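User: Hey, could you walk me through this model? I'd like the fold in plain words, then a few residues.
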Amino acid sequence: MPGEILRIQQPRHHKAKVCIWADLEISHVESLMAANGPEEIKRILSDLFKLTDYHDNLASAILLDLYFYTVQFALDHNFDKEQLSAFFSIVKKTHKVCSETPFGNVEQCYEYFKELVLCHAVKRPPWSVNQFSPHQVKLITDYVLNTYFRHMKLYKYVFTPMVRLDLSMSYLGMPPTPPPSQVAEDEKPDELLEETEQADMEQEGGEEEKTEEEVPQDEESPAHQELRQLITSQLNGEIEKLRSSLNEQIHLNDEALQQKLTLVDGGASGGKSSRNSSKSKKK
């Protein structure tokens, strides 16, 4: 609904539990194990999880690849039916937690993944079962870390919505900014376009018909004219005073400089005459 504020799911902690036969039933697992090749496995998975549009939908194709390589990993390592079903559900549930929020939740996802693995590796019924051996736990952990978690941001980019922040600020003592004007319902876009083109043509025609005549300005009132004259006369008087003061200061500086030069020249000539008289006396 327009104007409705959508709440975005924040990262949260999930409680893990045993998930054997949660997503793949025993008949599904038997079909996957009896499949003749990768194409048949993909067909079975696309039919089970409604991903038949993976040829045209990139998100469905990425998700189908995730499911296919999960099943292929289980088959390559000779997992039994219960192990294949449990491992598939572990990867599927981890992906679900990852894609439930667009915010970063890698820590929550990894903690949830570890708890899911432990639920199927420790014999502690009814909370956990001994489904995987320690060696299988290491294989599963290394595989998921090097495949899913290594590309977790890419999965999040594909399967989570983009969040855009629209920030509005209000100041105390100032009226709120009015919303932008909307087009009237009775006006059609074609009519607005024609009106805009017509206005542009009239504006261009008006620019071509312009002459060198000055545009008449609004006449000022007598009070404004008198005030303008008074301000102008005061400014002119102050400018003249400043100019005369500056000229007088320059003249005084020139006189002082000339006096200093005269004293310097007089001292130099007196020193020369005294030295000449001393030389004559010695002779």
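User: How much of the contact in the protein chain joins residues at least 24 apart?
Analyst: Taking contacts between residues at least 6 apart in sequence, 68% join residues at least 24 apart. Contact here means heavy atoms within 4.5 Å. Bear in mind that this is a predicted model, where local features need pLDDT of at least 70, side-chain atom pairs count only at pLDDT 80 or more, and totals for chains, interfaces and linings use all residues. Residues are numbered from 1 along each chain as its sequence is written, and side-chain values use heavy atoms, with hydrogens and water left out.

User: OK. What's the secondary structure of the chain?
Analyst: The protein chain has 9 helices and 2 strands, in the order α-α-α-α-α-β-β-α-α-α-α. These are DSSP runs numbered from the N terminus: helices are H or I with at least four residues, strands are E with at least two.

User: And what share of the residues count as buried?
Analyst: 23% of the 283 residues. Buried is under 20% relative accessible area, exposed is over 50%, and partly exposed is in between, using a 1.4 Å probe and protein chains only.

User: Which residues have the most contacts inside the largest nonpolar core?
Analyst: Leu 32, Leu 45, Tyr 67, Phe 87, Ile 140 and Val 144, in a core of 43 residues. A nonpolar core is a set of buried Ala, Val, Leu, Ile, Met, Phe, Trp, Tyr and Cys residues joined through side-chain atoms within 4.5 Å. At least two core residues come from each of α1 (26-33), α2 (38-48), α3 (58-76), α4, α5, α6 and α7 (152-159). As a general point, nonpolar side chains tend to be buried together in soluble globular proteins.

User: Leu 45 is on that list. What does it touch?
Analyst: Leaving out residues up to four places away in sequence, Leu 45 touches Leu 32, Leu 64, Tyr 67, Phe 68, Val 71 and Phe 88. Within α2, Ile 41, Lys 42, Ile 44, Leu 45 and Ser 46 are buried, and the buried residues of α2 pack against α1, α3 and α4.

User: Switching to helix packing: at what angle do α4 and α6 pack?
Analyst: About 35 degrees, with the axes of α4 (residues 81-98) and α6 (residues 134-147) 12 Å apart. The axes are lines fitted to C-alpha atoms over the stretch in contact, and angles run from 0 to 180 degrees between N-to-C directions. On the α4 side the contact is made by Gln 83, Phe 87 and Val 91, and on the α6 side by Gln 136, Ile 140, Tyr 143 and Val 144. That splits into 5 nonpolar, 2 polar and no charged residues. In that count, Ala, Val, Leu, Ile, Met, Phe, Trp, Tyr, Cys and Pro are nonpolar, Asp, Glu, Lys and Arg are charged, and the others, Gly among them, are polar.

User: Is Phe 113 buried or exposed?
Analyst: Buried, because its relative accessibility is 1%. Phe 113 belongs to helix α5 (residues 106-119). Beyond residues up to four places away in sequence, Phe 113 touches Ile 90, Thr 94, Ile 140, Thr 141, Val 144 and Phe 149. The C-alpha atoms of Phe 113 and Ala 16 are 8.2 Å apart, although 97 residues separate them along the chain.

User: And where is His 120?
Analyst: In the loop between α5 and β1 (121-124). His 120 is buried, because its relative accessibility is 0%. A polar atom of the His 120 side chain lies 2.7 Å from the backbone oxygen of Leu 116.

User: Last one: which peptide bond is cis?
Analyst: The one from Pro 125 to Pro 126, with omega near 5 degrees. Pro 126 lies in the loop between β1 and β2 (128-130).

Key: A polar contact is a pair of N or O atoms within 3.5 Å; within protein, one must be able to donate a hydrogen and the other to accept it, and residues adjacent in sequence count only if both atoms are side-chain atoms.
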